[in-house]
Amino acid sequence: MNTLYLREERYFKFLDELSREYRVYLPVKAQGQALACAFGFKAATADYALEKYSVVPKDEIIFNEYRTIDSLKSFFSPPKEKVASDFGSSSGIPGDEKVAVFGVKNCDLFSLRIQDFVFLGGAAVDPFYEKRRRNTLLVSGDCLNFKEVCFCAALDIMPYALDGFDLNMSPLNAGFLVDVGSDKGREVVEKYASYFLPATDTQISARQKKREAMLKKLKEHLVLHNIPRKEEIPGIVRKGYDSAIWKERILTCVECGGCNMLCGTCHCFLLSDKKSGNVNEKVRSWDACLYLNFARVAGGANPMKNRYQRLRNRYLKKFDFFPANIDLCACCGCGRCIEVCPGKIDIREILNSLAKEAAAANEYSTG
Amino acid sequence: MENIYQPIEGIIEEVITESPTIKTFVVRPQEKFEFRTGQFIELSLPGIGEAPFTPSSDPNIKDKFDVTIMNAGKITSLLHNTAPNTSVGIRGPYGMGYPLDTFQGKDILIVGGGVGLAPLRSLLLALFGRMSDFGKVIMRYGARSPGDIIYKSLIPQWQQKKNFDMVVTVDRSDETWKGNVGLVTALLKGLPINMNNAVSIVCGPPIMMKFATLKLLEIGFKPKDIYLSMEKNMSCGLGKCGHCRIGKYYICKDGPVFTYEQLKDLMDIWD
């Protein structure tokens, strides 16, 4: 379908209409924290959080310039959820409600490819994830700026989406260019056709210029961080298996698991059983591989008892396991793990250091 | 859509004490349940907890199954305190199991250690049901001490089987023991099998698996013919929860039985 145009004042009305059918989530400004950049980059300090449209005052509806604090994963697998109860009690699968999420960025869409592989693929489909995924309308938007920690483009993930969304919004003048990326998105624009105008070629080429300018600005920042190319990362991480870098960088880790929790691609969970009154429940909760007992087995043996093994595990999972299975690095470059880390552990720096070490080793071995 | 996390009910029919720390539970599933030898299940005490186990009974018996469980942690110690008629949850079976059909016409060498004999019992019973499909079936089993040997009353019956050769050894002997003393790996030399048309199967504690594998390679087995039962803290059983990753595999989904060929280039497989 061709690109459409939605004028800003019509956008609010469109949200009103849509919210009768969907539970709509929108980005709102949230208290941000300023992170100093090692290279003097003046970072944007605003943060965005997703909030229910029904509670957001009209004058606080904004277009987020970059990604929100949280990734999208909690929309599909919440941090803690009952997934089974007593035998014979078929409580059904929740997630019938239709949900629309605005303010999605391309990094988040990329992460969903990893989550989809985990929960929709493999030995069986996760019915909880599947239903919510099916009933969720994803409305992405171009990034107009970036945070100090953003490094999507270093991994060839663009700060604007070309696929993976239902609808995409690119701000332009006093409105948005709207692209349709799925049947679900098409149904919405057809249903609310009166809100949309066809976009002009001039508008489309103006958007292209905006996108290119944004990408250029981001890349100028990223060049300072010198992150290895994504094709090289799996080899570098594998080669660095016995590197001292893991042992050095883990020193400031407080094992909070924040990197895992905020990560859009981290998907690990723990199934546990508990009693809730007279009912026995099986509960799924997010788990973190930085936690001490992540790999502990019965009897107490723990193949990852050292903290550096757990830090390394996080990288091996992202940059060895996923590339080997689906030819994708499970990192979207959102930088959430960098931002959240009280120990200032920086994935960009670790990849860069591993790359330097691998290059030095190569030089040594080839004489 | 089916809820993949919902257990079915099983009733513990009988509890058999195998050793001071090991018991076998005979479980009758209340719904249709079948497994292939080598696959594992998640067994839960409703409202308390869940852990992975490999059934130890003949997979051809469909109305009930056995699990042999060592008292090693929280769930296993609670299971050890259960009496017949206790209700348990069953999820699974999970994983790939032993590819018996690819063993046709070949000699089979089974190396077991300690409580690793539990899943191997299921394998043996499955093999006994179709012995004419295979060449020689040889088993070497080691336990730390005579008290750690499980299925003590069954082993002499198995040793009577035609075309089946089983030798048991203990690391440390006591006054009751008349048999072999020494590590199980010491029993792997000079076996009358044709390495070019044989497979070996190893199941036991990680350290024993490691040295058995090295010994099998030394006596001429190819990495693709060595089958290892790997174990980690499998939780979901479906390759989703992320706990049992080993290199590019999940033990729950891609294993728990792997050939050494699949694992040999991975790091820290014996941890």
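**Close-up views of a predicted model**

**View 1. Strand 1 of chain A and its partners.** Two bridges connect strand 1 of chain A to strand 9 (residues 197-198) of chain A, and the two run antiparallel. Strands are DSSP runs (E, at least two residues), helices likewise (H or I, at least four), numbered from the N terminus. Two strands pair if DSSP finds at least two bridges between them. In strand 9 of chain A, A:Leu197 is the bridge partner of A:Tyr5. Strand 1 (residues 4-7) of chain A is also joined antiparallel to strand 8 (residues 175-180) of chain A, by four bridges. There, A:Leu177 stands opposite A:Tyr5.

This is a predicted model: local features need pLDDT of at least 70, side-chain atom pairs count only at pLDDT 80 or more, and totals for chains, interfaces and linings use all residues. Residues are numbered from 1 along each chain as its sequence is written, with chains lettered from A and ligands numbered from 1 in the order in which they are written.

**View 2. Helix 10 of chain A.** Helix 10 spans residues 307-326 of chain A. A bend of about 40° falls at A:Leu316; the angle is taken between axes fitted to the seven residues ending there and the seven starting there. Just after the helix, A:Asp327 has a positive phi of about 60°.

**View 3. Cis peptide bonds in chain B.** The bond from B:Gly92 to B:Pro93 is cis, omega near 5°. B:Pro93 lies in strand 6 (residues 87-94) of chain B. The bond from B:Gly255 to B:Pro256 is cis too, omega near 0°. B:Pro256 sits in the loop between helix 5 (251-254) and strand 15 (257-259) of chain B.

Conventions: Expected span 1.5 Å × (residues − 1).
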